[in-house]
Amino acid sequence: MMCGAPSAAQPATAETQNIADQVRSQLEEKENKKFPVFKAVSFRSQVVAGTNYFIKVHVGDEEFVHLRVFQSLPHENKPLTLSDYQTNKAKHDELSYF
């Protein structure tokens with residue numbers, strides 16, 4: 001992968017689910033609701049001064065959210081940050097960069 005260029009969409013991995021789980025409370029606080037399901041489905045990554053993860057998450061019924069999570073460089077020792085998100089997404093919606 002070229003630095004700065006987002007990767008192609010890939011199926012979510014255990015690592016992707018772990019990243020999504022770590023920002024779940026941030027999303028629930030921003031949306032003022034608890035999600036009954038929180039299953040990462042697919043993701044893209046983008047290497048910047050750290051890594052942006054764009055993650056599609058199933059949150060129950062036919063509802064999905066798209067997350068942008070920033071992981072800083074290891075030496076910075078900072079927690080994962082929910083940078084942005086999009087709600088009201090459907091299963092067929094393509095995971096984009098935002």
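## Salt bridges in a predicted model

In this predicted model, Arg24 and Glu28 both belong to helix α1 (residues 14-31), where they stand 4 residues apart, about one turn of the helix.

**Exercise 1.** Determine which kind of contact the side chains of Arg24 and Glu28 make, and whether each residue is buried or partly exposed.

*Solution.* Begin with the distance: the side chains of Arg24 and Glu28 approach to 3.0 Å, N to O. The cut-off for a salt bridge is within 4 Å, so this contact counts as a salt bridge. Next, consider accessibility, for which buried means under 20% relative accessible area. Glu28 has a relative accessible area of 10% and is therefore buried, whereas Arg24, with 24%, is partly exposed.

**Exercise 2.** Locate the partners of the salt bridge between Glu63 and Lys33 in the chain, and classify their accessibility.

*Solution.* The closest N and O atoms of Glu63 and Lys33 are 3.9 Å apart. This pair links distant parts of the chain, since Glu63 lies in strand β4 (residues 63-71) and Lys33 in the loop between α1 and β2 (39-48), 30 residues apart. Glu63 is partly exposed at 27% relative accessibility, and Lys33, at 37%, is partly exposed as well.

Notes:
Residues numbered from 1 in each chain as written. Predicted model: local features only at pLDDT ≥ 70, side-chain atom pairs only at ≥ 80, totals over all residues. Heavy atoms only, no water. Helix = DSSP H or I, 4+ residues; strand = E, 2+ residues; numbered from the N terminus. Buried < 20%, exposed > 50% of the residue type's maximum accessible area, 1.4 Å probe, protein only.
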